Amino acid sequence: MFATLPIILILIALFVFGAFFVVKQQTSAIIERFGKFQSIRHSGLQLKIPLVDRIAGKLSLKIQQLDVIIETKTLDDVFVKLKVSVQYKVIREKVYDAFYKLDYPHDQITSFVFDVVRAEVPKMKLDDVFVKKDDIAIAVKRELQEYMTEYGYDIIKTLVTDIDPDAQVKAAMNRINAADREKTAAQFEGDAQRILIVERAKAEAESKRLQGQGIADQRREIARGLEESVEVLNKVGINSQEASALIVVTQHYDTLQSIGQETNSNLILLPNSPQAGSQMLNDMVASFTASNQIGEAMKNAKPKKKNNE
């Protein structure tokens, strides 16, 4: 009897350990009795009949994610790869349906994602696929939610996480973008150069205007000074012609003195005899007199022509 006692104790221990089991948090355990569904057990310490009941399987109630990569064609005949991420979980009240109605949930979800994406993307151009990726995700979720709820799965969220066109298409898009940016840069550069040229022309015109005004003012002041000088000389008994000659001679020697004081001045040959100023004045007076005579002759010639006609 003492020899069978250890065997009995071992059997009791196995019975006890076989009767109790632990289910983790956010997990459901399916219990079968002789191959038939018996019950669903949730988190905590649970009891079953050893050798009669068994744990047929466990399902996680956590949110899970399935990434599906689909290659399809757009409306403008561009092949593109889309990565769709589906977030789903088992509905707590429908653990039985999720365990017994669906054998491979990942395959079922993948099939639905392929079906929806390949129905939606061919209706869009490549640019619209990037812009309307949320619409694609909503369409996938709507289709999955409609069918997977029946099997005990709740679709939490669907996301289009990547859009990858063919390498040649991406290179062409980059070239188009680069060309457009270069065009914009050239336009801005041209506008800047045009503004610079206009402003430079305005500045030059203003400079010329001010320069002309300065020269006019300078000549006006010189003429006023000469007039005052002639008046002063007339008061002391010097007539206008003599006064003009004196002023010309004085300016002539002032010019020679100014040139001599400049260390970097170039060589200039000027007449410096005392008669030079008087000669220059006489030449000027002769020129003015000749021009006046020519003008008077031209005025007198015009009335004669009219009378002859």
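## Salt bridges

At 55% relative accessibility, D77 counts as exposed, and in this predicted model its side chain meets that of K73 in a salt bridge with an N to O distance of 3.5 Å. K73, for its part, is partly exposed, with a relative accessible area of 36%. The count of salt bridges comes to six, and the pair K73 and D77 is one of them.

Another salt bridge joins the side chains of D134 and K133, at 3.7 Å from N to O, and here K133 is partly exposed, its relative accessible area being 31%. A further one links D191 and R194 at 2.5 Å, N to O; both residues belong to helix α6, which covers residues 167-235, and they are three residues apart, about one turn of the helix. D191 has a relative accessibility of 30% and therefore counts as partly exposed.

## The nonpolar core

The largest nonpolar core holds 33 residues, and among these L82, V113, V117, I136 and L144 touch the most other members. At least two residues of this core come from each of the strands β6 (64-73), β7 (79-90) and β8 (153-165), and likewise from each of the helices α2 (95-100), α3 (105-120) and α5 (133-148).

For V113, once its neighbours within four places in sequence are left aside, the residues in contact are V68, I70, V84, V86, V140 and L144.

D97 is located in helix α2, and because its relative accessibility is 16%, under the 20% limit, it counts as buried. Apart from its neighbours within four places in sequence, D97 has contacts with L102, E150, Y151 and G152.

T27 is found in strand β2, which covers residues 27-33, and T27 also counts as buried, at 16% relative accessibility. With neighbours within four places in sequence again set aside, T27 is in contact with R41, H42 and S43, as well as with K58, L59 and L61.

## A nonpolar surface patch

F20, V22, L45 and L47 together make a nonpolar surface patch of about 410 Å², and the elements that give two or more residues to this patch are β1 (20-23) and β4 (44-47).

How values were computed. Residues are numbered from 1 along each chain as its sequence is written. This is a predicted model: local features need pLDDT of at least 70, side-chain atom pairs count only at pLDDT 80 or more; totals for chains, interfaces and linings use all residues. Side-chain values use heavy atoms; hydrogens and water are left out. A nonpolar core is a set of buried Ala, Val, Leu, Ile, Met, Phe, Trp, Tyr and Cys residues joined through side-chain atoms within 4.5 Å. Buried means under 20% relative accessible area, exposed over 50%, partly exposed in between (1.4 Å probe, protein chains only). Helices (H or I, at least four residues) and strands (E, at least two) are DSSP runs, numbered from the N terminus. Contact means heavy atoms within 4.5 Å. Patches are made of residues with over 30% relative accessible area and no salt bridge: like charges are joined within 9 Å, nonpolar side chains (Val, Leu, Ile, Met, Phe, Trp, Tyr) within 5 Å. Accessible areas come from the Shrake-Rupley method with a 1.4 Å probe; for residues, only the protein chains shown count as cover. A salt bridge is a side-chain nitrogen of Lys or Arg within 4 Å of a carboxyl oxygen of Asp or Glu.
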